[in-house]
Amino acid sequence: MTAIYETSQFIRHLDSRQMPRYTFGEAGRYLGLPESTIRSWFEGTTWGSQPNIHYFKPILAPAAPHLLSFFDIASAHVLMALQQKDIHTKHLRFFIRELEKEYPDDRYPLLGRNFYLIGKQILIKRAGKRLNFSKSRQFELRAVIERFLSRVELDRSKMPIRFSPIRSVVRGRSFIIIDPSLSVGRPVIKGTGIAAEVISKRKASGESIASLAKDYRISRRAIEEAIKYFPEAKKAA
């Protein structure tokens, strides 16, 4: 009984946001990135042919071998903000290492209070110095990061609770969110617990947008965005 109680207490206090639950393929699909990109960020990769094999070292550490947590995906989402400015991977690695030097005990250097208060300034300052960014380009980089981070809802420690991936934002409005407390962390329609992929599959099976909107009691636009987020796979010829 004691062991069962201790196990239940452990699970109760376990933060679901740190639980390994996403494959690299799922993470890539949810963020709109190739699986190979996600894998290289968290596990590294090789390229070239014998005898000239090169190894790309990982930038971030996964929650578990071959599996990512919600915090891992949120960290990858921040990296996307930097990629938007065509910052080379070697510079992304440099920025991460600078943050790790500043906060050696921080498991997620791209998340949390430290990053929001000081980390962004470190990144932008290093970008300006290392990449010879002008002040206008530094401002542009700051604006891009802010736009990404504005899609993230935070707790008191400024750690993400849920976020709307960039690919789900239409004209500034978010229709899809990833929330570890809803639908086992799968993308859902904002304000509901309805998995976007379920809607897309029902549409692919022949149901109309109007009937789905009526069934779920949500707008047609939300149904349409769920379908765009998870487009029907093309059938082989």
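The structure discussed here is a predicted model, in which local features need pLDDT of at least 70 and side-chain atom pairs count only at pLDDT 80 or more, while totals for chains, interfaces and linings use all residues. Residues are numbered from 1 along each chain as its sequence is written, and side-chain values use heavy atoms, with hydrogens and water left out.

Helices here are DSSP runs of H or I with at least four residues, numbered from the N terminus. Helix H8 (residues 196-204) packs against helix H10 (residues 220-229) at an angle of about 90 degrees, and their axes lie 8 Å apart; the axes are lines fitted to C-alpha atoms over the stretch in contact, and the angles run from 0 to 180 degrees between N-to-C directions. H8 and H10 are therefore roughly perpendicular to each other. On the H8 side, Ala 196, Ile 199, Ser 200 and Lys 203 meet Ile 223, Ala 226 and Ile 227 of H10, where contact means heavy atoms within 4.5 Å. The residues of this contact divide into 5 nonpolar, 1 polar and 1 charged.

In soluble globular proteins, nonpolar side chains tend to be buried together. The largest nonpolar core of this model has 58 residues, and those with the most contacts inside it are Ile 38 and Trp 41; such a core is a set of buried Ala, Val, Leu, Ile, Met, Phe, Trp, Tyr and Cys residues joined through side-chain atoms within 4.5 Å. Buried means under 20% relative accessible area, exposed over 50%, and partly exposed in between, with a 1.4 Å probe and protein chains only. Helix H4 (residues 70-83) gives the most to this core, with 10 residues. Not counting residues up to four places away in sequence, Trp 41 touches Leu 33, Pro 58, Ile 59, Leu 60, Ala 76, Leu 79, Met 80 and Gln 83.

A search of the whole structure also finds 6 aromatic pairs, meaning rings of Phe, Tyr and Trp (its six-membered ring) with centres within 6.5 Å, counted as stacked when the planes are under 30 degrees apart, edge-to-face over 60, and tilted for the rest. The rings of Tyr 22 and Tyr 30 have centres 6.0 Å apart and planes at 90 degrees, so this pair is edge-to-face, and both residues are buried. Phe 70 and Phe 71 form a tilted pair, 6.2 Å centre to centre with 45 degrees between the planes.

Key: Helices (H or I, at least four residues) and strands (E, at least two) are DSSP runs, numbered from the N terminus. Angles under 35 degrees count as roughly parallel, over 145 as roughly antiparallel, 65 to 115 as roughly perpendicular and the rest as oblique. Ala, Val, Leu, Ile, Met, Phe, Trp, Tyr, Cys and Pro count as nonpolar, Asp, Glu, Lys and Arg as charged, and the others, Gly among them, as polar.
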